[in-house]
Amino acid sequence: MEEKLTNSCSFSGVKPIMADLPYPPIQVRDRNPAYANLLQEDYCGAVSELSAVAQYINNENRISHRECALARTLLGIAMAEMMHLQKLGELICLLGGRVSYEAVDCKGCRKLWTPAYLDIPEQKEQMLLADIQAEQDAIRQYKGHIRVIRDECVRAALERIIQDEEYHIMLLRNLLEQCKA
């Protein structure tokens, strides 16, 4: 008789993990392709929401069979990152940009998103440290873009996304401490 292998971790009821605050309306004052290019970097650059989603889902898949609670948390964070990805896509379109998986780097070159952007270590503690670092990098990049963008609507959306990223760092640090205990 052939034995079937299954993952006993249930993901039923998992919801996006984010700060308990409303998002501002997704709107822009005017079309601005330069701002759209900046947001395209947040959308699918090396430090981006697309990278975050892929990294969290990869980590969740690799540990769900042995660390269900952690996997559920990572999936919830990934779901929040998907929402950020969607909101950035809306802003890019409103700004007159085109949503794609190409970001424009600081030299004006278009770079296609690649999984080479991800940091996916095998050990749980290193995985959490890589996730914390990715969140910190995202916050730093968002703050840099906020300094350049003069559209208060776009800035408000980015500031709200930062609040979720800060919340994720707090959760990930708590999970890391639990691993060490």
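Predicted model: local features only at pLDDT ≥ 70, side-chain atom pairs only at ≥ 80, totals over all residues.
Student: Among contacts between residues at least 6 apart in sequence, what share joins residues at least 24 apart?

Tutor: Start with the contacts in the protein whose partners lie at least 6 apart in sequence. Then keep those whose partners are at least 24 apart; the share is 80%.

Student: What radius of gyration does the protein have, and why is it said to agree with a compact globule?

Tutor: The C-alpha trace spans about 65 × 30 × 30 Å along the principal axes. For 181 residues, a compact globule would have a radius of gyration near 16 Å, so the protein's value agrees with it: 17 Å.

Student: Now the helix pairs. Are α2 and α3 roughly parallel or roughly antiparallel?

Tutor: Two packed helices are described by the angle between their axes and the distance between the axes. For helix α2 (residues 49-63) and α3, the axes come within 8 Å and cross at roughly 160°. Angles over 145 degrees count as roughly antiparallel, so α2 and α3 are roughly antiparallel.

Student: How many nonpolar residues does the contact of α2 with α3 have?

Tutor: The crossing here is left-handed. Among the residues making the contact are L50, V53 and I57 of α2, and L74, L85 and L88 of α3. By class, two residues are polar, three are charged, and the nonpolar ones number 15.

Student: And helix α3 with helix α4: are they roughly parallel or roughly antiparallel?

Tutor: The axes of α3 (residues 68-94) and α4 (residues 124-148) come within 13 Å and cross at roughly 20°. Angles under 35 degrees count as roughly parallel, so α3 and α4 are roughly parallel.

Student: How many charged residues are in the contact of α3 with α4?

Tutor: From α3 the contact uses L70, L74, I77, E81 and L88, and from α4 it uses K124, M127, L128, D131, E135 and Y142. Seven of these residues are nonpolar, none is polar, and the charged ones number four.

Student: Which handedness does the crossing of α4 and α5 have?

Tutor: The axes of α4 and α5 are 9 Å apart, at an angle of about 160°. That makes α4 roughly antiparallel to α5. Their contact has 14 nonpolar, three polar and 10 charged residues, and the crossing is left-handed.

Student: Let's look at single residues. Is L158 buried or exposed?

Tutor: L158 sits in helix α5 (residues 152-180). Beyond its neighbours within four places in sequence, L158 is in contact with L39, L88, Y142, H145, I146 and I149. Buried means under 20% relative accessible area; L158 has 0%, so L158 is buried.

Student: How far apart in space are Y167 and A19, C-alpha to C-alpha?

Tutor: Y167 is also found in helix α5, where it counts as partly exposed at 31% relative accessibility. Setting aside neighbours within four places in sequence, Y167 is in contact with I17, M18 and A19. Y167 and A19 are 148 residues apart in sequence, while their C-alpha distance is 6.2 Å.

Technical notes:
Residues numbered from 1 in each chain as written. Heavy atoms only, no water. Axes fitted to C-alpha atoms, helices over the stretch in contact; angles between N-to-C directions. Helix = DSSP H or I, 4+ residues; strand = E, 2+ residues; numbered from the N terminus. Parallel < 35°, antiparallel > 145°, perpendicular 65-115°, else oblique. Contact = heavy atoms within 4.5 Å. Nonpolar A, V, L, I, M, F, W, Y, C, P; charged D, E, K, R; others polar. Rg over C-alpha atoms; globule rule 2.2 N^0.38 Å. Buried < 20%, exposed > 50% of the residue type's maximum accessible area, 1.4 Å probe, protein only. Left-handed = near helix turned anticlockwise from the far one by under 90°.
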